[in-house]
Amino acid sequence: MARVRLHHLQAAKNEGRKFAMLTAYDTMMAGIFDSCGIEVLLVGDSAANTVMGYSSTLPITMEEMVVFAKSVTSGARRALVVCDLPFGSYEVSPEQAVASAVKLMKEGGVHAVKLEGGQYFVPHVRALVAAGVPVMAHIGFTPQSEHALGGYRVQGRGEAGQGLVADARALEAAGAFAVLMEMVPTEAALLVDESLSVPTVGIGAGGATTGQVLVWQDMLGLGSGKSARFVKKYADLRTVVAGAVSAYHSEVLDGSFPATEHGFGQ
Ligand code: KIV
Ligand code: NA
């Protein structure tokens, strides 16, 4: 299968087709998702939560993102791999953004980066695109700005929907190949999608976007907590894993594992 490229995502938008995006942080899950035909894998800074156990995405570093990026790109043969620029790795200047993105592409092997923020980041996006780095913009609820936004809240309600459109248009004009929207009203996402030529991606943004994205541990039911409204649980991996691990545990304790066939003969 040929690699998914930006023009395939653009064709989906042009032709009214959808594509699916899913987070990945390690080679085995990336390989499974890739073989299922998921078009875009996101090395999300959500690894800070899902893999590292932090309560926000703020602490994850460039060095850590490079490790996750390498792991995912080694497992993905067909998917386009997008990697988040972590908090603190791009805000200072367009130069800082380019240096960080280059590191993720050279060392992590990713094909594109994603950054959070609106019109303020137009110069950063321009510089990245000029350097040959494809950029996905992330607007609406932006978890790296959790404290500035006052927590996890829907963005772009009412009049603020026009602000989303203005941000999205500016980022598109700066060269972003796609605009991702998180936790925005369905109507606002539709408005943004209709205002852009490039594809949109949504998480908690309704069904009008070209693409959808979810965090894999959420959609496969690996987490223990209550999940957000926008998550659909397609499996209950937590129960599957706990059942198998408990069976292993009791078989080791009662001596039924290992059986004869798990051992070597003379
Ligand atoms: O890091 C992440 O998982 C993300 C998605 C939720 C869009 O940015
Ligand atoms: Na992210």
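1. Strand β3 (residues 80-84) contains Asp84; helices (H or I, at least four residues) and strands (E, at least two) are DSSP runs numbered from the N terminus. This is a predicted model, in which local features need pLDDT of at least 70, side-chain atom pairs count only at pLDDT 80 or more, and totals for chains, interfaces and linings use all residues. Residues are numbered from 1 along each chain as its sequence is written, while chains are lettered from A and ligands numbered from 1 in the order in which they are written.

2. Asp84 also belongs to the UniProt annotation "binding site" (unreviewed entry), together with Asp45, Ser46 and Lys114; such annotations may be inferred rather than shown by experiment. The annotated residues span 70 residues in sequence, yet no two of their C-alpha atoms are more than 12.4 Å apart, so they gather at one spot.

3. The shell around ligand 1 includes Asp45, Ser46 and Asp84, as well as Thr23, Leu42, Gly44, Leu180, Glu182, Ile203, Val213 and Val215 (C-beta atom, placed from the backbone, within 6 Å). By class, this shell has 5 nonpolar, 3 polar and 3 charged residues (Ala, Val, Leu, Ile, Met, Phe, Trp, Tyr, Cys and Pro count as nonpolar, Asp, Glu, Lys and Arg as charged, the others, Gly among them, as polar).

4. Helices α8 (residues 160-174) and α9 (residues 186-195) have axes that come within 9 Å and cross at roughly 30 degrees (lines fitted to C-alpha atoms over the stretch in contact, with angles from 0 to 180 degrees between N-to-C directions). The two helices are therefore roughly parallel to each other (angles under 35 degrees).

5. From α8, Gly161, Leu164, Val165, Ala168 and Arg169 meet Ala188, Leu191, Val192 and Ser195 of α9 (C-beta atoms, placed from the backbone, within 7 Å). The residues of this contact comprise 6 nonpolar, 2 polar and 1 charged.

Terms used: Parallel < 35°, antiparallel > 145°, perpendicular 65-115°, else oblique. Contact = placed C-beta atoms within 7 Å.
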